[in-house]
Amino acid sequence: MPREAEPSLNEKQFVAQALQENLRLDGREFDQYRPLELSFGDQYGVADVTLGRTRVLAKATAEVTVPYADRPLDGVFTIATELSPMASPSFEVNRPTETEVLLSRLLEKTVRRSGALDTESLCLVAGQKCWSVRVDVHVLAHDGNLIDASCAAVVAALRHFRKPDTSMDAGVLTVYTPAEREPVPLSWLHSPFCVTWSFFGEEGDIAVLDATWLEEQVRVGSCTVSLNKHGEICQIAKLGGTPVDAVALLQCTNVALARVKEFSDMLDAKLAEDAKRRDKGGFMAELRAENDR
Amino acid sequence: MTATAAPEAALGVLPRADGSAKYSHAGYTVTASVNGPIEAQRRDELASEAHVDVIVRPAAGVGGTRERHLEVILQSSLSQIILVKNFPRSLIQIVLQVEDSPENDYVNTKIVQASLNFAVMPALMQTAVLALLSAGVPMKATATATAVAIARVDGAKKITVDPSPRDIETAQSVHVLAFTSHDELLLAESEGDFTIGEWDEVYETAKGICCRPAAAAKEGMAMVLDDDDAGGTDMRQFLRSTMESKVAADLHWK
């Protein structure tokens, strides 16, 4: 596959010098995101996130499988990120690039390891049957800041998702089809979001939020902070060789918290809007099969 | 989503690909990107023509043999209509991402091993053609495709155009046919039990959808409405009007 064309020296210097003069190519503030748009599909568990020209589609699905032998009480939860040549011709099928590995590691740490989804609730029969929840992340267009867009898409897809209802009766497990019983939502504990800072300049003293693809190619380092709206940090990943001042990083996490609160509110509003759209005739409350906690 | 929904398409939806299209019809939504002609890897390089690389990606789960099978069929049909001889030693890469497919509410599906339905093929074909047009890849002809299912209901034969997953489950045979804009048969794939007579009927039905002459569509509104009731959507007219509106939008400054 052809290699991605690197920006020329002139382009790089132009971006760098503009940043020194407190300007970004698209006229944004340093701590300003591109407009984030989120839409849900007709099916449950499909979320489409557009961040400027970056577009990510996440689809959550579930099926019944056998749990892992060493974790008989836990369900299976996987996030699959495979970058297709659709995002850029330099990505190849079945050959993960560094971008892809980093993306899947970060999503893993942010969503899976932070316990956002209660995997114990996915267990049906200890050691024999459990739900396997899988999220597929499809990057349709890559224009920088894949991590934040993908994380938002994964969280939105999982919160929107409904799995088939089940019942246990005298040792017999029944999985109801959508025609029999209204599917139930996952047991969701908190919604983490990623906020990525990019650092520019020789000392890494210029910090910029939501870098575009061109800016990502010029940056000297980046720092991804994952946290939820309560300010609980799930992980911090600082990548790139250039060291960054600790006080500057603290400042970054403060701004990140404000952004995450905005994302959380937006996601809640969108989910409520979607629920209203689906609730035709107001029968949803009666159709619901799950019990309130 | 109802199976009779009219097809919808948008061109140039992805900013970085050479050409792209999003197409939805009969519950299927597919996004395609086309990059090409680009440099081919040495193992794909053909000395006298362009290599057409088709990648089909299911919405959920990993692709398996069924996807590879669809890829091979699409690749050989699309190589027929793209002017591959114009671009020796290069690559035309078509990525088809299935976003949405109609679900059968009466069965719980297995997901980790994605198995794309045979009936997704017309949507894949149509999206690929739209994306190729959007990328400006030279072609001999455009193509239109449709799926037809034959079911036996109480001993009587019933032909369904654009079958839903439930139709396919009960059908005796499912056929996918594609025609070029010169009314030539480009692709004929069938699954299930059927006779030569049945296939001929399917052929005529599919031809009526894919190759309706342009004149028939223009003969007054009532006539068009009758046609729609009789033979489903007019795919060729759809392709033409999609392209026309895209070109009109692109050239509005002129």
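Predicted model: local features only at pLDDT ≥ 70, side-chain atom pairs only at ≥ 80, totals over all residues.
## Chain A: overall form

Chain A holds six helices and 14 strands. Its radius of gyration is 21 Å, close to the 19 Å that the globule rule gives for 293 residues, so chain A is as compact as a globular protein of that length. The C-alpha trace spans about 70 × 40 × 35 Å along its principal axes.

Of the 293 residues in chain A, 50% count as buried. The chain exposes about 13,900 Å².

Contacts in chain A reach across the sequence. Take those with a separation of 6 or more: residues 24 or more positions apart account for 70% of them.

## The interface between chains A and B

The size of an interface is often given as the accessible area lost when the parts come together. Here, chain B and chain A bury about 3,200 Å² between them. Carbon and sulfur atoms carry 52% of that buried area. In residue terms, 36 residues of chain B are in contact with 37 residues of chain A.

Charged pairs also link the two chains. The count between chain B and chain A is four salt bridges. One salt bridge pairs Arg16(B) with Glu4(A). The closest N and O atoms of Arg16(B) and Glu4(A) are 2.6 Å apart.

## A buried loop residue: Thr212(A)

Thr212(A) sits in a loop of chain A, between β12 (206-209) and α4 (213-218). Its relative accessibility is 13%. Buried means under 20%, so Thr212(A) counts as buried.

What does Thr212(A) touch, not counting residues up to four places away in sequence? The partners are Asp26(A), Arg28(A), Arg34(A), Asp143(A) and Gly144(A).

## A nonpolar patch on chain B

Val247(B), Leu251(B) and Trp253(B) form a nonpolar patch on the surface. Together, the three residues have about 320 Å² of accessible area.

Val247(B) belongs to helix α7 of chain B, which covers residues 235-250. The relative accessible area of Val247(B) is 41%. Patch residues need over 30% relative accessible area, and Val247(B), at 41%, is partly exposed.

Technical notes. Residues numbered from 1 in each chain as written. Chains lettered and ligands numbered in written order. Heavy atoms only, no water. Patch = residues over 30% accessible without salt bridge, like charges linked within 9 Å, V, L, I, M, F, W, Y side chains within 5 Å. Areas by Shrake-Rupley, 256 points an atom, 1.4 Å probe, with all protein chains shown as cover. Salt bridge = Lys/Arg side-chain N within 4 Å of Asp/Glu carboxyl O. Helix = DSSP H or I, 4+ residues; strand = E, 2+ residues; numbered from the N terminus. Buried < 20%, exposed > 50% of the residue type's maximum accessible area, 1.4 Å probe, protein only. Rg over C-alpha atoms; globule rule 2.2 N^0.38 Å. Contact = heavy atoms within 4.5 Å. Buried area = accessible area lost by both parts, 1.4 Å probe.
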